[in-house]
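Trainee: I would like to go through this structure one feature at a time. Where do we begin?

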Amino acid sequence: MEFPTYRPRRLRKTETLRRMVRETRLSVDNLIMPLFVVPGTGVSQPVKSMPGVAQLSVDRAVEECKAIHDLGIPGVIFFGIPESKDSVGSHAYSERGVVQKALQAIKKAVPGLLLITDVCLCEYTDHGHCGVIVEGDVDNDSTLDLLIKEALSHARAGADMVAPSDMMDGRVGAIRDALDEEGFDQIPIMAYAAKFASAFYGHFREAAQSAPQFGDRRSYQMDPPNAVEALREVELDIGEGADIVMVKPALPYLDLIWRVKQEFGYPTAAYNVSGEYAMIKAAAQNGWIDEERVMMETLIAIRRAGADLILTYFAKDAARVLARR
Ligand SMILES: [Zn+2]
C-alpha cells in the first residue's frame, strides 16, 4: 500500500496510539544491577568517573539490595574488591571473601533477589589479569582450576547464578562439570560469551580496581572487528552448557546482540558497560543531553537488538522511570 492510502503518521498521532503499536518494550524484569563490594563496614565510596555508583561494604550492599528489590529489579551481579591481592587471586575463592560474605548476608536479608556473581580473577590478582601468569601471558588451563574454585565457593555461599567473564577457553564446561559434581546442577551459568577487549571498560577498572599492571587483555578478550568469531565463541559456550549468553559491551556491539539472538535463540544478555554509562552521565552533567530520555532510548535500543537481559548501572534509575509509566 502506498501514500496517500497508507499514511504511517496516523498511528503516531497520540501517545495512546503509539503505546498500542509499540514493538519493543523495556520492563524492570529485563534489568540486572551490578554492585561492587569492598571490605569494612559503613563504606560507600563513590566511583568518581561513574556518578551514582559506589563501592559498598557488605552492610551497605544489604541496604542497597533491599532498595533494588523494592524497585522490582529481579537480580544483581556482584564484583568483589578484596582486602589484599596476590598473584593467584586467593581472595576470589576464599570462604571469607567479600563476595562470599555479601552473598550470605543478602541471601538472608533479601531472599527474593536473584544473586549472580561475576567469576573472574582480575579484581583479585596483584597483576590485574584475569588468570595465572606463565611466562608473561595468562595461562589458560591452570586458570580454569582457579575459576572452578571461585564458582564453587560462590555457589556454596548462596549464589543463584554464576557468570564467568574471564574469556578463557573451556571455562564454561569446566565450571559446569564442577558445579554438577558438587550438587549444584540447578545453578545456571550466564557466560560472558562474546566479551571484547574494549576501551569502554576504563571506568569499571576504577570501580573494580582491576586495571592490568602490564600489557593488556587482548590475548584473551576478543578483537573488536570480529563478528563471526563472536558467534563461534557463543556456540562454544552453549555447547559447554551456558544457559544465558552475553555480549559485552552493548552499544558498540548491537549488531552482535542481534545476530546472537537470531542465530541461537538463547536467553541473551548484554552488558551496558561503565563507559557507556559514563558518557551519558558526563554529557548530562554538562547539560548537553536529556539524561532520562537518552538512558531510556539506549536501553530500548539494546532490547530492540535482541537482549532479554541488560546489565546496567542505570537499573535503578530506569526502574523508577518505568514505575511512573
Ligand atoms: Zn577479569
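Mentor: With a term: contact means heavy atoms within 4.5 Å. Keep in mind that this is a predicted model.

Trainee: With which residues is histidine 129 in contact, leaving aside its neighbours within four places in sequence?

Mentor: Histidine 129 touches Leu121, Cys122, Val138, Pro212, Phe214, Asp216, Arg217 and Tyr220. Its place in the chain is the loop between strand E5 (114–119) and strand E6 (132–134).

Trainee: Is histidine 129 buried or exposed?

Mentor: Buried means under 20% relative accessible area. Histidine 129 has 3% relative accessibility, so it counts as buried.

Trainee: Cys122 was among those contacts. Which protein donors does the zinc ion have?

Mentor: The general idea is that ideal angles at a metal are 109.5 degrees for four tetrahedral donors, and 90 or 180 degrees for six octahedral ones. Here the protein donors are the SG atoms of Cys120, Cys122 and Cys130, at 2.2 to 2.4 Å from the zinc ion. Their spacing in sequence is C-x1-C-x7-C. Cysteine 120 is buried, because its relative accessibility is 0%; cysteine 122 is also buried, at 6%.

Trainee: How do helix H8 and helix H10 pack?

Mentor: Two packed helices are described by the angle between their axes and the distance between the axes. For H8 (residues 254–264) and H10 (residues 291–305), the angle is about 35 degrees and the axes are 8 Å apart. H8 contributes Leu254, Ile257 and Trp258 to the contact, and H10 contributes Ala301, Ile302, Arg304 and Ala305. Six of these residues are nonpolar, none is polar and one is charged.

Technical notes:
Residues numbered from 1 in each chain as written. Predicted model: local features only at pLDDT ≥ 70, side-chain atom pairs only at ≥ 80, totals over all residues. Heavy atoms only, no water. Donors = N, O, S within 2.8 Å, 3.2 Å for Na, K, Ca; no water. Buried < 20%, exposed > 50% of the residue type's maximum accessible area, 1.4 Å probe, protein only. Axes fitted to C-alpha atoms, helices over the stretch in contact; angles between N-to-C directions. Helix = DSSP H or I, 4+ residues; strand = E, 2+ residues; numbered from the N terminus. Nonpolar A, V, L, I, M, F, W, Y, C, P; charged D, E, K, R; others polar.
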